Amino acid sequence: MVELALLKILADGKFHSGTDLGDSLGLSRSAVWKQMKELQEFGVEVYSVRGRGYRIPKGFDLLDVEKLLSHSSSIVRESLAHIELQTFTDSTNLMALRNIQDHKHGALYLAEYQHSGRGRRGRSWLGPLASNLYLSLMWRFSGGAAALEGLSLVVGLSIAQAISQQGVKGVELKWPNDLLYQGRKLAGILLEMQGDASGDISVVIGVGINVRMSQASDLSDKITQPWIDLTSIADRDIDRNKLLAAVISKLLENLTVFAESGFAAFIDDWHQMHAFQDSYVKLLSAKNEIEGVCRGVNSQGALLLERNAKIEAYHGGEISVRKL
């Protein structure tokens, strides 16, 4: 596995000779070469020039817990009892679930790379090393499953609002848990719940945001749906630590309101960012396909579809929406 110490050295984007890297890491030049090949397998573009060494174009913007806290609002420092950052993991959601007995509430899990990142409906979530944001927040709610109606919509809204605060405009929300920009996927959400369906429930709020997905990466060919990243939208580098701080700060702020007032407190803001508002859409499920005009969502977060002059409500689960 690629060493974190190597990533920190290459983070400056400058050339480093194999000899110097080997001396710094206590490795042979051949071992350094193997580490570079491994970096490429993780979707990283590596420049190798004879006589100059190795270089990562634009370097790495590595996540740092201290930087996260310094950029965050006070609610982050007051609300999070545990923050864990791994360079490599299977998925941040699984990190959270493995630690649920010790941290049922107020725990944040971060990773630079997920080798088994998961999306909705069993899809994989792919991305190169140290380029995107992968995070999972363990948060506890009372009131049972009914109190969680609309939660994924609030999470999506929180991310979109945080991105807007970073100067990136035009991000839209796709029911129930995706963020789009001009029809291409920018971010996704995966919620997993543990606890009493009628009592206290700990929810793992998993979030993946495309920040700097290299078009040259081999991963691009493995992604089956149109995607985009924040760097492309903004046409500038995005500071991942500042973005992460904005996302967590806004998310915790909105979760506090959600716990008290439910999704109804956010419905107007959500509609303003809804990608398919008043559009003709198709709902896809395992059993059938239904077409109609999307009229937004109700106060429980259910999708409203107008068909034959009647409006019907559809709840989450295994339903997907396609614009026609």
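**Reading the sheet, its helices and its cores**

Modeller: Strand 5 is mostly covered, with 8 of its 9 residues buried. Keep in mind that this is a predicted model.

Biologist: In what order do the strands of the sheet lie?

Modeller: Read a sheet by strand order, then by pairing. Here 7 strands form an open sheet with mixed pairing, in the order 3-4-5-9-8-7-6. Strand 3 (82-89) and strand 6 (172-174) are the edges; each has a single partner strand, so one side of each lacks a neighbour in the sheet. From one strand to the next, the twist averages 20°.

Biologist: How many bridges join strand 5 and strand 9?

Modeller: Count bridges, then check the sense. Strand 5 (residues 133-141) and strand 9 (residues 201-209) are antiparallel, with 9 bridges.

Biologist: Which strands does helix 7 touch?

Modeller: For a helix on a sheet, list the strands it touches, then take an angle. Helix 7 (residues 151-165) packs on strand 5, strand 6, strand 7 (178-181), strand 8 (184-195) and strand 9. Its direction makes about 140° with that of strand 8. Now take helix 9 (residues 240-261). Helix 9 lies across strand 4 (107-114), strand 5 and strand 9, at about 20° to strand 5.

Biologist: At what angle do helix 2 and helix 3 cross?

Modeller: Look at the axes. Those of helix 2 (residues 18-25) and helix 3 (residues 29-41) cross at roughly 95° and come within 9 Å. Helix 2 is therefore roughly perpendicular to helix 3. At the contact, G18, T19, L21 and G22 of helix 2 meet R29, V32 and M36 of helix 3. These residues comprise 3 nonpolar, 3 polar and 1 charged.

Biologist: Which residues have the most contacts inside the largest nonpolar core?

Modeller: The general idea first. Nonpolar side chains tend to be buried together in soluble globular proteins. In this model, the largest nonpolar core holds 67 residues, and I159, I163, L179, I209, L230 and F263 have the most contacts inside it. Helix 9 gives this core the most, 10 residues.

Biologist: What does I163 touch?

Modeller: Skip residues up to four places away in sequence. I163 then touches V168, V171, L179, L186, L230 and L243. There is also a second, separate core of 20 residues, including V2, L10, L39 and Y113.

Technical notes. Residues numbered from 1 in each chain as written. Predicted model: local features only at pLDDT ≥ 70, side-chain atom pairs only at ≥ 80, totals over all residues. Heavy atoms only, no water. Pairing = 2+ DSSP bridges. Helix = DSSP H or I, 4+ residues; strand = E, 2+ residues; numbered from the N terminus. Axes fitted to C-alpha atoms, helices over the stretch in contact; angles between N-to-C directions. Contact = heavy atoms within 4.5 Å. Parallel < 35°, antiparallel > 145°, perpendicular 65-115°, else oblique. Nonpolar A, V, L, I, M, F, W, Y, C, P; charged D, E, K, R; others polar. Core = buried A, V, L, I, M, F, W, Y, C linked by side-chain atoms within 4.5 Å. Buried < 20%, exposed > 50% of the residue type's maximum accessible area, 1.4 Å probe, protein only.
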